[in-house]
Amino acid sequence: MAKPIVLIAEELSPATVEALGPDFDVRSIDGTDRGLLLAALADANAILIRSATQLDEEAIAVAKHLKVIARAGVGLDNVDIKAATTAGVMVVNAPTSNIISAAELTVGHILALARHISPAHSALANGQWKRSKYTGTELFEKTVGIIGLGRIGALITARMQAFGMRIVAFDPYVTAARAQQLGVTLLTFDEVLEQSDFITIHMPKTPETTGMISDAQLALMKPTAYIVNVARGGLIDEDALYRALTTGVIAGAGLDVFVHEPPTGSPLLALENVVVTPHLGASTDEAQEKAGVSVAKSVRLALAGELVPDAVNVAGGVIDPSVRPGIPLMEKLGQVFSGLANSPITSVDIEVRGEIVAFDVSVLKLAALKGMFSNVVSESVSYVNAPLLAEQRGIVVRTLTDAVSDDYRNVLTIRGALSNGSQISVSGTLTGTRQTEKLIEINGYDVEVPIAEHLIVMIYTDRPGIVAIYGREFGEAGINIAGMQISRREAGGQALSILTVDSPVPEGLLETVRVAIDADLLHEIDITA
């Protein structure tokens, strides 16, 4: 069997290739050569890039076998995530690979501003000895304001506290308990601007945050204050910043990112009270290696058909170990559910009961939808596009949770309505130390059957001799019944029989059995891993 093809479109660390391992056909190409890129994508199953390779709608459209785009870094401006999602292509990055490097660069900018390192160096290199002109300020007992107290903000907090600084922050998503744990005082946005001697921004770039620091905000700052941005270009209005720096509204700025990169012709570059670096936040050997290894591991998971927890176009985040075993079970329940459906599905409830509801179980909805569509649509189904497939088909999907589970530790259920007015349901659980996957309910009938590759589900009127009839038919056709369970609500009423068999059953044989036992429902369901 041919190995999956993985393209490395830009220079990555040797550790990246090592992390991929020997299971792939790894090909190196120049991702900036458009013709070469499009030709190589035609056969590719995965591609690893940095910031120079453009994976737009055109590129994704020609990549018919592509399963994952991996960006060895944080930013994804060069990837059309919407087009990738529609095509069922997972997009992954390395969101934590550069956080230490970015935090350390921020500290470097703060120190450079406080001690005028950049202009002092330039003056001395030009033969000028200007000690008095470049008298600086100590960080000790000053206030640093952090806008965005996420992972990088927390790292900066620890480092600035080592200098004896007071830390204040604005972040509407951080709780008071978390701030207290970090030793940070939470303030309003305006209060942070007014009280800080140094301000550093660590926010994503969105329509709401673009230009979040402009004339009005800069006017709130102390005239002795400095502002640093190593996050995203455009968070600070560069025209407003130039005005503030040239009129004494603030003392200085440190910039690693710009609206246009490189910032050719920007008047900010000519100012002595500005320290600039060419987008170096992730430019350390350690960060590059972490990014490459991280996305290589994600590629391995994606091509193995497993969920990549931090894929940017998959809902949900880190998956708790208690929830993870339920993912393949829920996929298989989805296949059983769709196998039982005899008309289009109109709505689906994903029900999770038991102690695992204490964790984020949103990934189980994705698993259920992936299983439901995997054998019934022509598109390639993934965790990425399964919700989109449901939306396109007008299927209403809900997730319901309940901490109470009477009979089992945890129970996963898919319950839905069909366009013909009928309803179907299927439930499963994991039992024992081996976490055996079992079906425990189908359409209200209680069962307990290990999930197998080939299942036959029958509903018929309970009467003597039925088992002998279908047992004989399957036996004469050479179909071995590996397991069987019958469930009924009352004698002489409707009964459900579920069989596990060792091989697929021919369609003609199923029809013969259906007629012989006068079954109200008879389905063969093949479960794929």
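Are Tyr 470 and Phe 474 buried or exposed? Both residues are buried in this structure, which is a predicted model.

A search of the whole structure turns up 4 aromatic pairs. In one of them, Phe 170 and Phe 189 place their ring centres 5.4 Å apart with the planes at 40°, so this pair is tilted. Phe 170 belongs to strand E7 (residues 166-170), while Phe 189 belongs to helix H9 (residues 189-195), so the contact ties together parts that lie 19 residues apart in sequence. Phe 170 is partly exposed, with a relative accessible area of 21%. Phe 189, at 17% relative accessibility, counts as buried because the limit for burial is under 20%.

The rings of Tyr 470 and Phe 474 have centres 6.5 Å apart and planes at 55°, so this pair is tilted too.

Attention now turns to charge. Side chains of opposite charge can pair when their charged atoms come close. The count for this model comes to 16 salt bridges. One of these joins Asp 25 to Arg 27, with the closest N and O atoms 2.9 Å apart. Asp 25 is partly exposed, with a relative accessible area of 28%, and Arg 27 is likewise partly exposed at 36% relative accessibility.

Another salt bridge is formed by Arg 243 and Asp 215, whose closest N and O atoms are 2.7 Å apart. This pair links distant parts of the chain, with Arg 243 in helix H11 (residues 238-246) and Asp 215 in helix H10 (residues 215-220), 28 residues apart. Arg 243 is partly exposed, with a relative accessible area of 38%; for Asp 215 the relative accessibility is 38%, and it too counts as partly exposed.

Arg 488 and Asp 462 form a further salt bridge, in which the closest N and O atoms are 2.4 Å apart. Arg 488 is found in strand E20 (residues 481-488) and Asp 462 in the loop between strand E19 (454-461) and H16, so the bridge ties together parts that are 26 residues apart in sequence. Within this pair, Arg 488 is partly exposed, with a relative accessible area of 47%, whereas Asp 462 is buried, with a relative accessible area of 18%. Salt bridges can also share partners, as they do where Arg 34, Asp 56 and Glu 58 are joined into one network.

Charged residues also gather on the surface. Glu 18, Glu 104, Asp 285, Glu 286 and Glu 289 come together there in a patch of negative charge. Which helix gives the largest share of the negative patch? That share, 3 residues, comes from helix H12 (residues 285-303). Asp 285 lies in this helix, H12. With a relative accessibility of 68%, Asp 285 counts as exposed, because the limit for that class is over 50%.

Definitions and conventions
Residues numbered from 1 in each chain as written. Predicted model: local features only at pLDDT ≥ 70, side-chain atom pairs only at ≥ 80, totals over all residues. Heavy atoms only, no water. Patch = residues over 30% accessible without salt bridge, like charges linked within 9 Å, V, L, I, M, F, W, Y side chains within 5 Å. Areas by Shrake-Rupley, 256 points an atom, 1.4 Å probe, with all protein chains shown as cover. Salt bridge = Lys/Arg side-chain N within 4 Å of Asp/Glu carboxyl O. Lys, Arg positive; Asp, Glu negative; His and termini not counted. Charge placed at Lys NZ, Arg CZ, Asp CG, Glu CD. Helix = DSSP H or I, 4+ residues; strand = E, 2+ residues; numbered from the N terminus. Buried < 20%, exposed > 50% of the residue type's maximum accessible area, 1.4 Å probe, protein only. Phe/Tyr/Trp six-rings, centres within 6.5 Å; stacked < 30°, edge-to-face > 60°.
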